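Hello,

Here is the structure for your set-up work. My notes follow below it.

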Amino acid sequence: MSVAAEVQLPAPWRIVARQIENATGDVFSWTLEPCGEAGGAAFRPGQFNMLYAYGLGEVPISIAGVEPGALRHTLRAVGGVTRALARLEAGEVIGLRGPYGSAWPLEAAQGGDLVIVAGGLGLAPLRQAIVQALAQRERYGRVCILYGTRTPADVLYGGELAAWAARRDVEFAITVDRASAGWGGEVGVVTRLVARASFDPERTTALVCGPEIMMRFTAEALLKRGVPQASIHLSLERNMKCAVGYCGHCQLGPHFICRDGPVLPWPRLAGLLEVPEL
Amino acid sequence: MTLRELVESQRFCQGLEPGQCEGLAACVSERTFAPGEYLLRQHAPADTFHLVLDGQVQIKLALPGQGIVTLETVGPGEAVGWSWFLPPHRCQFDARAVTPTRTLAFAAAPLRELMEREPAIGYAVLKTLVATLSERVQSCRLQVLDVYAPPAGVP
């Protein structure tokens, strides 16, 4: 078997735990363990795996957690494949191939401030980056976590968010686009939080993930604060198929998002996110 | 810190000359609001314009049959209210303190008089006000887009 063929062969991984991640109940996480040898691949925050519902199809899903001998993925049931995956219970087996793509530049960010801006389900690809950064908190200057989502019921990872918010060495802010009656927190788009956050723009690395329009305006808010273009990193989502840069399904201008991304610095994306045809 | 220094230190006033800030400082007082207290009330005369120094303020609107809805929250460095600038000078929304809140409260009538009398100050304030309004409109557009809704046509 060729190397290329080996890379694209899904390995069986067992769902060992499944949990609902928000109050609306449409987002869930799996803890996955390999059925055999894991293969020794290093899974880095920001990368993604192709998850295979046997007989139905594959979907690219970002890595939300890396634990000893296990992976965590967070999914929302929105299409045929993800709805089929959502029906699986703990103990069942899926196919997994990966990891693919680029990772968040956590090492390069050390020594400076770290600003993490997540929108909606975009918190999932950033979760492991936050976990790792907080585990090595002394290596960073100020750490700001800014999270915007649709409604209070859509807030992900409630328990973990409370723990991050309680830390004195983290500036944490959350906002919703539409408030319910009992919500006493911030209301408005997440870009507004960028203007208020305390960080030194010139020595900041920004990690941004969410809907593309949200990322575009967040990048503009960061640029307005004075964050250098090359220090702003976005995670793009496209319809990955092969995941290794062969098929072109995920092409965005000159970039194959599966191979060159999904994490890309702003200078390589500026302008591309404003083109309707892309 | 004097009122003039407070005015000068505001992001809202960054485009103004020191002398212009002195003129503005003559129209301003410092106010504090307890949680639940209102800075502005819908339909009331828009006689004050606030810049938030500390705290968090909800901009709210009563919707028939749906109660009172929070449209957005405003924090330090941000402006509350612009009905003071345009006739009929009536507040369009409620503004309510969520946390202990401190503001620079500009008296609307003397501020408008100052802007008429000193067009340079008027133009400088207007440029800042329009920039703020532009940011708010852009934010509202993004809110209306409902960008976090589940996407259609995905596998």
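In this predicted model, 20 residues of chain B are in contact with 27 residues of chain A. Contact is defined by C-beta atoms, placed from the backbone, that lie within 7 Å. On the side of chain B that touches chain A, β5 (67-74) and α4 (119-145) of chain B each supply at least two residues. The most comes from β5(B), with 5 residues. By class, that side of chain B has 12 nonpolar, 7 polar and 1 charged. Here Ala, Val, Leu, Ile, Met, Phe, Trp, Tyr, Cys and Pro count as nonpolar, Asp, Glu, Lys and Arg as charged, and the others, Gly among them, as polar. Helices (H or I, at least four residues) and strands (E, at least two) are DSSP runs, numbered from the N terminus.

On conventions: residues are numbered from 1 along each chain as its sequence is written, while chains are lettered from A and ligands numbered from 1 in the order in which they are written. Local features need pLDDT of at least 70 and side-chain atom pairs count only at pLDDT 80 or more, but totals for chains, interfaces and linings use all residues.

Next, the domains of chain A. The assignment, automatic or from a database, gives domain 1 (3-100) and domain 2 (113-274). Their C-alpha centres lie 22 Å apart. The contact between them takes 20 residues from domain 1 and 19 residues from domain 2. On the domain 1 side, β3 (48-53), β4 (57-67) and β5 (70-76) of chain A each supply at least two residues. The largest share is that of β4(A), 6 residues. This domain 1 side divides into 11 nonpolar, 7 polar and 2 charged residues.

Then the sheet. Chain A has an open sheet of 7 strands, ordered β10-β9-β8-β7-β11-β12-β15, with mixed pairing. Two strands pair if DSSP finds at least two bridges between them. The edge strands β10 (186-187) and β15 (263-265) of chain A each pair on one side only. Strands β8 (143-149) and β9 (171-176) of chain A are parallel, over 6 bridges. Thr149(A) has Val176(A) as its bridge partner in β9(A).

Helix α3 (123-135) of chain A packs on this sheet and touches β7 (113-119), β8, β11 (204-209) and β12 (232-235) of chain A. Its direction makes about 155° with that of β7(A); axes are lines fitted to C-alpha atoms, for helices over the stretch in contact, and angles run from 0 to 180 degrees between N-to-C directions. Buried residues of α3(A) include Leu123(A), Leu126(A) and Ile130(A) (20 or more other C-beta atoms within 10 Å of the residue's own).

Best wishes

Technical notes: Two residues are in contact if their C-beta atoms, placed from the backbone, lie within 7 Å. A residue is buried if 20 or more other C-beta atoms lie within 10 Å of its own, exposed if 12 or fewer, and partly exposed in between; C-beta atoms are placed from the backbone.
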